[in-house]
Every structure is written in structure tokens, then in C-alpha cells.
Amino acid sequence: MTAGTTLEARELYRFYRAGDEETHALRGTSVAVDAGEVVVVTGPSGAGKSTLLACLGGLDEPDAGTVFLNGVRLSHRPEQERAAARARGIGVLFQSGNLLPHLTVTGNVQLVQRLVRGGARQRPADVLHAVGLETRGHARPGELSGGESARAGLAVALANGPRVILADEPTGELDATTEAGVLELLRAEADRGCAIVIASHSPAVAAAGDRVIRLELGRIVGEARP
């Protein structure tokens, strides 16, 4: 792990079994992401992009291989320890599902912040201001537009000032203008030193990355810098 590396995966393997069938979602996949870097993971559906992000964030355990967050092993630890490390240092942004529908936008941010005890904490109003939702904190998810919902999900991911953001198809349901706005917000976080990994099919997302990795059948088959 180099001095500037925030997140690293070494030789990850992940298998799923259904009856007699075995699916190899990851096959010896390795990746390192530096502070301030935006890495985009592309590839066809079923290539292993979501599985890779889940393993990087400690949401899923690889069958072999290791994930390190800030030089500390994240994988192959009890779920409670992985959840605590994730709450402190990793923001996760999904295409949908980041928000609890019965809470306001402010309430969703506050809920995530309650998972971390102690330490400096931004005011929810400041988090919402950073994503341009300072006037929508009282709204519930069902009252938000598509663009507002995407930014509210990002606010939840940013609630605890993470060192890493993992985004799985965060712009998949957005128009081009709204997508550009979300990418600008993610770039601003990278400029502040956050390591960002985005799984996406979008050419616009790939063009916005510092590095693009292509996955096929669980293996990295190409890497480029736009």
C-alpha cells in the first residue's frame, strides 16, 4: 500500500452458489485508489461491478483476498467491526435506496450521523448546503425531484465526512444536466481529498474520472486515463 493510497483491494475472489451452479463474481481483482482520485469501474451487466463495490465497502465479504482502508484491514472481520469502520470512513451512494421514506432529508442525515460516536460532526444544515439542498431539509424523499433525490442521497453519503465514497450507478436515472451536477459535487469531494469509486455504464461518468477500469466476468481487462 503506497503512502497516498486510501483504499486497496488485493486479489479479491467472490463466489455465489445456487444449487449446483456457481457464479464467479470476482476473480482475483485488485485495485488501489488514492486520496483525491476518482476511479470509474465500467463493464457489462454481470461483470462484477456492484460486487466489487460491496466488498470494498465491507458490505460483502470476499471469499479470498483482502481489502484495506487507510492501511487497516477491513475484510474478514466481524460485521460489527466492519459496520463501525464503514460508518466512520466510507460513504455509500446507490442509484436509489439511500433514503428512508418516513424521515425528512435532515432526518436521514442525522440518522447516519448517530451511528458514529464522538469526533467532529458537521451540522446537517451544512451538509445539505454543500449539496445545494439547504431549503429542502424538511422534505421527505417522496416530495423530491429526481435531481434533489440524487443530491439528498449524496448528502447522506457525506454525512460523516468520509475518506472514501463508493457510488453504484449514482446517475443511472438522471438527465444529462442533473448528472453533470452530481459529478461536479463528487469532483469537489475528491478535490478535498476523498477517494471515490463509481460503478457506472455512463460515458459521461467515465469521462469525469481520473482513471477508468473495465471489468469483465470478474476480472480487470483494461485500464485507461480519460
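1. Val-92 stands opposite Leu-166 in S7, and Leu-93 stands opposite Ala-167 of that strand. Two strands count as paired if DSSP finds at least two bridges between them. Strand S6 and strand S7 (residues 164–168) pair in the parallel sense, over five bridges. Helices (H or I, at least four residues) and strands (E, at least two) are DSSP runs, numbered from the N terminus.

2. On the basis of the note: this is a predicted model, in which local features need pLDDT of at least 70 and side-chain atom pairs count only at pLDDT 80 or more, while totals for chains, interfaces and linings use all residues. Residues are numbered from 1 along each chain as its sequence is written, and side-chain values use heavy atoms, with hydrogens and water left out.

3. S6 and S7 belong to an open sheet of six strands, in the order S6-S7-S8-S3-S9-S10, with mixed pairing. Strand S6 (90–94) and strand S10 (219–224) are the edge strands, each pairing on one side only. On average, neighbouring strands of this sheet are turned by 20 degrees against each other, direction ignored. Axes here are lines fitted to C-alpha atoms, for helices over the stretch in contact, and angles run from 0 to 180 degrees between N-to-C directions.

4. Is S7 buried or exposed? Five of its five residues are buried, where buried means under 20% relative accessible area, exposed over 50% and partly exposed in between (1.4 Å probe, protein chains only). In a regular strand the side chains alternate between the two faces of the sheet. In S7, Val-164, Leu-166 and Asp-168 point one way, and Ile-165 and Ala-167 the other way.

5. S7 also pairs with S8 in the parallel sense, over five bridges; Leu-166 stands opposite Val-197 in S8. S7, H6 and S8 make a right-handed β-α-β unit. Right-handed means that, with the strands pointing away from the viewer, the path from the first strand over the helix to the second runs clockwise.

6. Helix H2 (residues 79–89) lies across S6 and S7 and runs at about 85 degrees to S6. Helix H6 (residues 176–191) packs on the sheet, touching strand S3 (38–42), S7 and strand S8 (195–199), and its direction makes about 150 degrees with that of S8. Contact means heavy atoms within 4.5 Å.

7. Arg-82 is in helix H2. Arg-82 is buried, at a relative accessible area of 8%. Not counting residues up to four places away in sequence, Arg-82 touches Gly-58, Leu-59, Asp-60, Glu-61, Leu-74 and Arg-77.

8. Helix H1 (residues 49–56) is largely enclosed by the rest of the structure, because seven of its eight residues are buried. The buried ones are Lys-49, Thr-51, Leu-52, Leu-53, Ala-54, Cys-55 and Leu-56.

9. Which residues have the most contacts inside the largest nonpolar core? They are Val-109, Val-131, Leu-154, Leu-186, Ile-196 and Ile-198, in a core of 34 residues. Such a core is a set of buried Ala, Val, Leu, Ile, Met, Phe, Trp, Tyr and Cys residues joined through side-chain atoms within 4.5 Å. At least two residues of this core come from each of S3, helix H3 (105–114), helix H4 (124–130), helix H5 (146–158), S7, H6, S8 and helix H7 (203–208). H5 gives the largest share, seven residues. Val-109 touches Pro-124, Val-127, Leu-128, Ala-155, Val-156 and Ala-159, not counting residues up to four places away in sequence. Apart from this core lies another, of 26 residues, including Val-33, Val-164, Ala-195 and Leu-215.

10. Another open sheet has four strands in the order S2-S1-S4-S5, with antiparallel pairing. Its edge strands are strand S2 (21–34) and strand S5 (72–73), each pairing on one side only. Strand S1 (residues 5–18) and strand S4 (residues 64–69) run antiparallel and are joined by five bridges. Thr-66 in S4 is the bridge partner of Arg-10.

11. The structure holds zero disulfides, a disulfide being a pair of cysteine sulfur atoms within 2.5 Å. Cys-55 counts as buried, at 1% relative accessibility, and Cys-194 counts as buried at 4%.
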